[in-house]
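Please read the briefing below alongside the sequence and the 3D view. It begins with a single residue and then widens to the chains.

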Amino acid sequence: MSTRPAAGAPPTRPATQGRARRRESLAALGMVSPAVFLLLLFFVVPVVLAFALAFTNARLVSPVPAQFTGLQNFRTLLDDPLFYKSLRNTFYFAAVVVPLQGGLALVLALLVNAKVKGVNFFRTVYFIPVVTSMVVVSILWTFMYQKAGLVNELISHLTFGLVHGPDWLNNPSTSMPAIILMSVWQGVGFHMIIWLAGLQTIPQDLYEAADIDGATRWVRFRYVTWPGLRTTRTFVLITITIAAFSLFAQVSVMTQGGPLDSTTTVVYQAVQTGYAQQQTGYASAISLVFFVLVLAVSLVQRFLTREKG
Amino acid sequence: MSSIAALAAAALVAGCGGGGSTGSSGADGNTLTLWTHNAGNAAEYGVVKQVVKDFNASQSTYKVKIQAFPQGSYNDSVVAAASARKLPCLLDVDGPNVPNWAWGGYLAPLDLSKGQVAVKDQLPSTVGTYQNKTYASGFYDVALTLYSRKSVLKKYDIRVPTLDKPWTKAEFTDALAKIKAGGTFKNALDLGTGDPGEWWPYAYSPMLQSFGGDLIDRSTYKTAKGALNGDKAVEWGKWFRSLVTKGDAPQKSSKSPGDDFRNGKTAIQWDGSWSAQANIDKFGSDLAILPPVDFGNGPKIGGASWQWAMSSTCSNKAGAQAYLNFSRQTKYFVDFAKATGTIPATDAAAQQVKGYETGGQFNIFLKEAQKFAVVRPVTPAYPYISTVFSKTAMDILAGADVKGALDQAVSQIDNNLSTSNYATGS
């Protein structure tokens, strides 16, 4: 700045400023370019490729080049009973997990938001499953869910041997609930932290004012906390929904979609079709339909939780 | 925004165009690259390194350089490298994948006539062929077998089956019922159903074949109709499911069925020859290594394990060929079998591997591989058939309608066979 010519030279001033600004925007461009490049390479290009491949008969291993087949993949998809099962399971999972995990996370957040000693300990406890790899968690819970595993032993002990738990992951009627329970346990800590962040943005004086007015705990929650969490709520809702729709790792490790397709999901089907069965084109079509569905659900949510007024 | 779209489109075109180029690689002059799936598998990797070291020392023209991958990501690496035309000159390949990779244009046909060991001396299942051409050759194979204990069979008054007189279906059913009635064992039979993936077609399609069914109609390789959903196949499916409903075998085995057998939880276990040493260590001479059951069409086991091949894009095929021929020495067949606890691919080598020699305790595996081995269908569609069969067998075990599940599997496989232009690919 000190090297600039004296301020009293009006004709040169705009030029210098313009040059400085150009240099600044060049620098900005330079700094943002690695991120843009990576985004293009690992996000935009694959998405565009998936869109394009969905209309071809591309295969993972093939000596014949991919041919344009129009809507053939989508027609096959409409007649594919497995796709409907996957779709149904995916929605079932999301419909249970979104309210359950969101609600439980809020309850936990309210509990650990209290100003008591040792609260950090509980925050850590609830957060530990989140930082553990999903694959590791899935393997551990597979052991726990065995017929003579920890879960059934607990049930048996708590009921004094009256109730014998089912073979959780090998029974079509309990396999999905078992995966839901585990997924909620694993993911709840993450959303607890988000709720917690939201809770701490609510001004303390509102609570003080409510106390002075003699508000009960419920009234305080209803009229101070809940409205104060509006933006957090939208964020939590949409992130859980999208995460729930992309259910894959648990299924891949614990059940491989079985028994009797009771846990297959759209993403699992797409991966299975694309890699194990080498049908790149068909898998792209599944992904494309899935993308449109998730987009639609997110837009509807966005619309329902929009700022009114 | 439009510039981003243009860039993406350019990248897309570049990406597609790259696949069609006529590049060849895998060698830098006379230095050849070799890929193996043996990173993390020290014993077998050690032999690979030894063969390469000996080859490099044996002549001064060529030099082979190893790159090792962990098994879990090996196939993905090969498929990715093939799309980018960056395959190495030499690579190993899992037997059932050979037709798929040969059809896909990854592999080049081999001339193995110049090695010390003749191809005809090898176990047929260790030679990978597709459309009458040899694309790969392995040093060893593995065999499926039933493990039990002589004392257990004696206690329940069960006949000890032999290679010449294996158990019949009725005898086997009877044996399982006796053991189950005894009540000492958690599982009368353990099929190892906790392991997903390629184990399913490897382990259970031989049973289907022994019933008289198959994964595909091997007279044409154009349909699975009749083979996979005929009366014999349905009979197999019903029997398979009955193991669970009768409580003879667990629907899903634990993660380590071998330990369950050695810890006395399981009376009879369906497993591979690779577990033999551990079982001998535990039970000594009480261990009973039994041939597979004859369900009507003779006993069957799967064939083919890892084999060696040359890529079609290799720029120094003479060098690759020289290496492959050099490696065909009986001593390497011996080394591989010793290091991995597998069946040596030739009789000459078997005589030099302890246990596999005539009269040895593991010689039964060699006999099984010679007499009962059926290779998985030699068709580029195999990876697809494999996934469909695994899923169908899992569904049947979980209680699906047998005929319906097999019919659906057949329609999926036939649809794949007809839409994939496999015939035009070779």
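B:Gln321 is buried, because its relative accessible area is 17%, where buried means under 20% relative accessible area, exposed means over 50% and partly exposed lies in between, with a 1.4 Å probe and protein chains only. The model is a predicted one, in which local features need pLDDT of at least 70 and side-chain atom pairs count only at pLDDT 80 or more, while totals for chains, interfaces and linings use all residues. Residues are numbered from 1 along each chain as its sequence is written, chains are lettered from A and ligands numbered from 1 in the order in which they are written, and side-chain values use heavy atoms, with hydrogens and water left out.

- B:Gln321 is found in helix H11 of chain B, where helices (H or I, at least four residues) and strands (E, at least two) are DSSP runs numbered from the N terminus.
- Not counting residues up to four places away in sequence, B:Gln321 touches B:Leu110, B:Asp111, B:Leu112 and B:Met310, a contact being heavy atoms within 4.5 Å.
- B:Gln321 and B:Leu112 stand 209 residues apart in sequence, and their C-alpha atoms are 7.8 Å apart in space.
- In chain A, A:Thr241 lies in helix H10, which covers residues 230–245, and A:Thr241 is buried with a relative accessible area of 5%.
- When neighbours within four places in sequence are left aside, A:Thr241 is in contact with A:Val98, A:Val297 and A:Gln301.

**The disulfide**

- A search of the whole structure finds 1 disulfide over all chains, a disulfide being a pair of cysteine sulfur atoms within 2.5 Å.
- This disulfide joins B:Cys89 to B:Cys314, with an S to S distance of 2.0 Å, and both B:Cys89 and B:Cys314 are buried.
- The pair links distant parts of the chain, 225 residues apart: B:Cys89 is in the loop between helix H3 (71–83) and strand E4 (90–94) of chain B, while B:Cys314 is in the loop between strand E14 (306–311) and helix H11 (317–327) of chain B.
- The torsion about the S-S bond of B:Cys89 and B:Cys314 is about 85°, so the disulfide is right-handed.

**Chain A as a whole**

- Chain A contains 13 helices and 0 strands.
- The radius of gyration of chain A is 26 Å, well over the 19 Å that the globule rule gives for 309 residues, so chain A is more spread out than a compact globule; the radius is taken over C-alpha atoms, and the rule is 2.2 Å times the number of residues to the power 0.38.
- The C-alpha atoms of chain A fill a box of roughly 95 × 75 × 40 Å along the principal axes, and buried residues make up 38% of its 309 residues.

**Chain B as a whole**

- The secondary structure of chain B comes to 16 helices and 16 strands.
- A compact globule of 426 residues would have a radius of gyration near 22 Å, and the 23 Å of chain B agrees with this.
- The C-alpha trace of chain B spans about 70 × 55 × 40 Å along its principal axes, and buried residues make up 57% of its 426 residues.
- Among contacts in chain B between residues at least 6 apart in sequence, 77% join residues at least 24 apart.
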